[in-house]
Amino acid sequence: MMKHEEGTFSGIGNAGIYYQAWLPEGDPRAVLIVVHGLADHSGRYMNLVNHFVPLGYAVYGFDHIGHGKSGGPRVYVQRFKAFTDTLGTFLHMASEWQPDKPIFLMGHSMGALVSAAYLLDRQDELSGAILSGPGVKVPENISRGTILAGRILSALAPKAGLLTLDAQAVSRDPAVVQTYINDPLVHTGKITARMAAELLKTMQRVCAEAEKITLPILILQGGADRLVDPSGARLLYETVSSKDKAIKVYDGLYHEIFNEPEHMQVLSYVEGWLASHGTK
């Protein structure tokens, strides 16, 4: 049995930020903070929740501003700092709810970018980080012209739609794709120009400064990922200064490795990594 809790807290510009928690029976061995991806929400990580809560982990997640059940214009952000600041607030809340417990970030896609940007400044608050499909490198199929247009639109019409995400690239499991398309909390429209520009700026910062990251880190990547450039995972792995670092690339898997047919294999690997990092 697991206990589910939910609530809201005040984010940037007083936007209501939705959060939820899945708690094990008894005292948790560690805390996992799920940081979801672009156009996504915290409720889409149930494979992860159902694996780790019975093992004694407390799993916490929140919906980014402009996403899911949180307030704010959809997939829009004035500055990327809104994401990292919200994560900081939530992390502080979780540490008060679960004092003296190891806390690990589990960031996926844009959530991995948010997590990496957070680690540049505040990694001392955490015991480690697990980043899957990290969106840290600009995909090569996005032309310079599109990037330039995005920068111009970001200044002139920041809420203009620029790019859409390919739902078929989420997972090789057709049921996962259909559920994603039908999910009213998933944003299937265009990504705003300002969001795209802020993502690009943060990718460049993380790639330039990733050597500041020194805490234990595990990087996971689907080898057939079409939503982020898979080489970004290797780039991040090679750049961080962590003595304790690992990378695992799953050949043939798409972007959402926790929602692929082989997700149990992926979760078991993460379980082993966590067990070797003070969560026994």
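**Helix H6 and its partners**

A: Let's start where H4 meets H6: from H4 come Ile 147, Gly 150, Arg 151, Leu 153, Ser 154 and Ala 155, and from H6 come Ala 193, Arg 194, Ala 197, Leu 200 and Gln 204. Contact here means heavy atoms within 4.5 Å. By type, the residues of this H4–H6 contact split into six nonpolar, three polar and two charged (Ala, Val, Leu, Ile, Met, Phe, Trp, Tyr, Cys and Pro count as nonpolar; Asp, Glu, Lys and Arg as charged; the others, Gly among them, as polar).

A word on ground rules: this is a predicted model, with local features needing pLDDT of at least 70 and side-chain atom pairs counting only at pLDDT 80 or more, while totals for chains, interfaces and linings use all residues. Residues are numbered from 1 along each chain as its sequence is written, and side-chain values use heavy atoms, with hydrogens and water left out.

Now the geometry. H4 runs over residues 144-156 and H6 over residues 193-209; their axes come within 8 Å and cross at roughly 120°. That angle makes H4 oblique to H6 (under 35 degrees is roughly parallel, over 145 roughly antiparallel, 65 to 115 roughly perpendicular, and the rest oblique). Axes are lines fitted to C-alpha atoms, for helices over the stretch in contact, and angles run from 0 to 180 degrees between N-to-C directions. The H4–H6 crossing is left-handed, which is to say the near helix is turned anticlockwise from the far one by less than a right angle; clockwise would be right-handed.

H6 also packs on H3, at an angle of about 50° and with the axes 10 Å apart. That makes H3 oblique to H6, and the crossing of H3 and H6 is left-handed. On the H3 side you'll find Met 110, Leu 113, Ala 116, Ala 117, Leu 120 and Asp 121, and on the H6 side Met 195, Leu 199, Thr 202, Met 203, Arg 205, Val 206 and Glu 209.

Phe 83, Thr 84, Leu 87, Gly 88 and Leu 91 do the touching from H2, with Met 110, Val 114, Ser 115, Ala 117, Tyr 118 and Arg 122 answering from H3. Seven of the H2–H3 contact residues are nonpolar, three polar and one charged.

Zooming out, the chain has eight helices and ten strands (DSSP runs numbered from the N terminus: helices are H or I with at least four residues, strands E with at least two). Its radius of gyration is 17 Å, close to the 19 Å the globule rule gives for 280 residues, so the chain is as compact as a globular protein of that length. That radius is taken over C-alpha atoms, and the rule is 2.2 Å times the number of residues to the power 0.38. Along its principal axes, the C-alpha trace spans about 50 × 40 × 40 Å. Of contacts between residues at least 6 apart in sequence, 77% join residues at least 24 apart.
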